[in-house]
Amino acid sequence: MATPIKRIEKDFFLKILYDDQLPLTFLRNRTEYVLRIERPTDKEMFLLADRPIPGLQPRRRMHLIFGYNAKVITFAVEIKAIRENHIVAEAPEYLYKDLNRSHSRVVNPPDLKVQFSLKGDDRYALPFPKIADFESGELTNGIQNPPPDFNGLIVRMGTWVKELSGAYRLVLFKDKPPTTTEERILAGTGKTIFLPSPKDFLPRTDPNPKKRLVTEDMFKRYLESVGIGEKNINEAIARYIRSKTERGIFSEARVPLLFLEYVIGYIHVWKGKEDLPPLTKENLDTLYLFARSITASLKTNGYFAPGILTNKPFTGGMLDISASGLLFSYPSSDLTSAMLPDEELAVTLHTPKRTINAAARIARRFTDRTTNYFGCQFLDIAPEDIRFLFEFIYGKPFTDDDAEAAAIADAQFLSGRV
């Protein structure tokens with residue numbers, strides 16, 4: 001696993017590279033080039049290549065490797081200017097060590113074409129709020145046979161609420177986006193707002209393993225985000241609690257309706273008399289079941305169908321590739337909104353001599369104003385295809401040491417260390 005090098009150690013290596021004129025290796029189009037640093041590195045790095053490097057252009061990135069005391073160290077720089085064999089680049093922000101040389105990243109070869117497609121279940125682009133910190137496996141799972149009769153389901157829920165001597169309403173954000181403080185908190189977190197009694201505020205902690213509740217700290221953070229100063233937060237909370245009794249609400253729960261990473265609405269249940277028993281955690285469990293059933297019934301009846309993304313192959317902007325993964329870019333769109341970390345993609349690599357089909361997991365994702373970048377790890381690729389891809393990328397034979405390094409990289413990835 002590549003380990004970032006701390007600043008003091010990074011400065012040491014940059015000095016050694018110049019003082020000892022250590023060779024830097026750059027691999028492009030299956031050809032190795034050797035570069036050395038021409039002057040001490042400060043904000044810029046001045047490089048001299050052993051010969052001209054065809055196709056190199058300003059604003060492109062170079063991934064460079066060097067060895068020191070049996071360690072393999074790598075870093076990336078962005079090119080600012082080129083004149084013959086002389087290259088000026090921005091000084092690297094990070095250096096990485098403990099990287100196996102066999103799996104270093106290289107600029108995508110020009111005769112390699114790569115296509116991607118979404119893998120697994122349907123993906124959606126929907127006009128609903130998204131959970132800020134979404135984790136797969138939220139409250140959308142668990143309904144084996146969703147009731148197709150949506151209206152009948154609502155009638156059953158209404159009967160159950162009436163038996164509690166309560167009232168309810170069902171809110172869908174497709175009809176009206178979140179506007180109130182409670183709706184915005186619920187929509188941003190995907191969690192339940194539960195107030196058994198107006199005398200009690202939100203819980204300080206959530207004992208549920210699935211962390212389903214909005215806590216006091218979450219509520220305070222929201223108030224701060226909308227401009228309420230720390231000195232005024234307690235007064236804002238007191239006004240919030242008073243407003244409940246003024247509106248005739250003496251016990252309430254707002255349970256979100258969740259579909260994948262979207263909050264499509266919520267169920268609001270409350271009791272309008274102070275002498276009624278408050279809502280309980282057992283009542284919440286029943287509401288969670290109703291919420292899952294409502295979402296599942298909506299899906300069965302085609303409510304989300306207009307937002308299904310067609311799973312057609314697409315071509316991303318390939319930035320670099322290694323024997324164990326690749327980095328590509330794609331403009332921000334409905335498609336990229338469905339491509340989250342840990343999602344899997346089907347990848348097809350076309351070379352002049354072979355087409356390779358593989359699966360890749362999105363290991364990391366980052367975004368600028370208009371473009372998303374996806375770092376992917378190969379998951380499912382045949383051994384003979386690994387050998388071919390290695391030799392195609394690096395232009396050298398695949399040895400037993402390389403096979404061992406690939407096995408170690410796979411083990412690290414599966415154990416979560418990559």
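Analyst: Begin with a hairpin, in which three residues join β18 to β19. The model is a predicted one. Strand β19 covers residues 371–380, and eight bridges tie β18 to β19 in an antiparallel run.

Strand β17 (residues 344–350) and strand β18 (residues 355–367) are antiparallel and share seven bridges. Within this pairing, leucine 349 has isoleucine 356 in β18 as its bridge partner. Here too the link is a hairpin, and four residues carry the chain from β17 to β18. As a general point, the strands of a sheet pair through backbone hydrogen bonds, in either a parallel or an antiparallel way.

Inside the order, strand β13 (residues 251–259) runs antiparallel to strand β14 (residues 262–271), and nine bridges join them. Phenylalanine 259 can be found opposite tyrosine 262 of β14.

The axes of helix α2 (residues 150–163) and helix α6 (residues 281–300) cross at roughly 170 degrees and come within 10 Å. Angles over 145 degrees count as roughly antiparallel, so α2 and α6 are roughly antiparallel to each other. Their crossing is left-handed. On the α2 side the residues in contact are Phe150, Leu153, Ile154, Arg156, Met157 and Trp160, and they meet Asn283, Thr286, Leu287, Phe290, Ser293, Ile294, Ser297 and Leu298 of α6. Sorted by class, the contact of α2 with α6 has nine nonpolar residues, four polar and one charged.

Another helix pair is arranged at another angle. Helix α4 (residues 216–225) and helix α5 (residues 233–246) pack at about 110 degrees, and their axes are 11 Å apart. That angle makes α4 roughly perpendicular to α5. The crossing of α4 and α5 is right-handed. From α4 the contact uses Phe219, Lys220, Leu223 and Glu224, and from α5 it uses Ile233, Asn234, Ala236, Ile237 and Tyr240. In the contact of α4 with α5, six residues are nonpolar, one is polar and two are charged.

Last, consider the confidence of the prediction. For the protein, the mean pLDDT is 85, and 89% of the residues reach 70 or more. Among its elements, β14 has the highest mean pLDDT, 96, while helix α9 (residues 400–414) has the lowest, 50. Residues 137–142 have a pLDDT below 50, and this stretch makes nine contacts in the model beyond near neighbours in sequence. Residues 408–418 also have a pLDDT below 50, with 12 contacts beyond near neighbours in sequence.

Note on methods:
Residues numbered from 1 in each chain as written. Predicted model: local features only at pLDDT ≥ 70, side-chain atom pairs only at ≥ 80, totals over all residues. Heavy atoms only, no water. Axes fitted to C-alpha atoms, helices over the stretch in contact; angles between N-to-C directions. Helix = DSSP H or I, 4+ residues; strand = E, 2+ residues; numbered from the N terminus. Parallel < 35°, antiparallel > 145°, perpendicular 65-115°, else oblique. Left-handed = near helix turned anticlockwise from the far one by under 90°. Contact = heavy atoms within 4.5 Å. Nonpolar A, V, L, I, M, F, W, Y, C, P; charged D, E, K, R; others polar. Pairing = 2+ DSSP bridges. pLDDT = per-residue confidence, 0-100.
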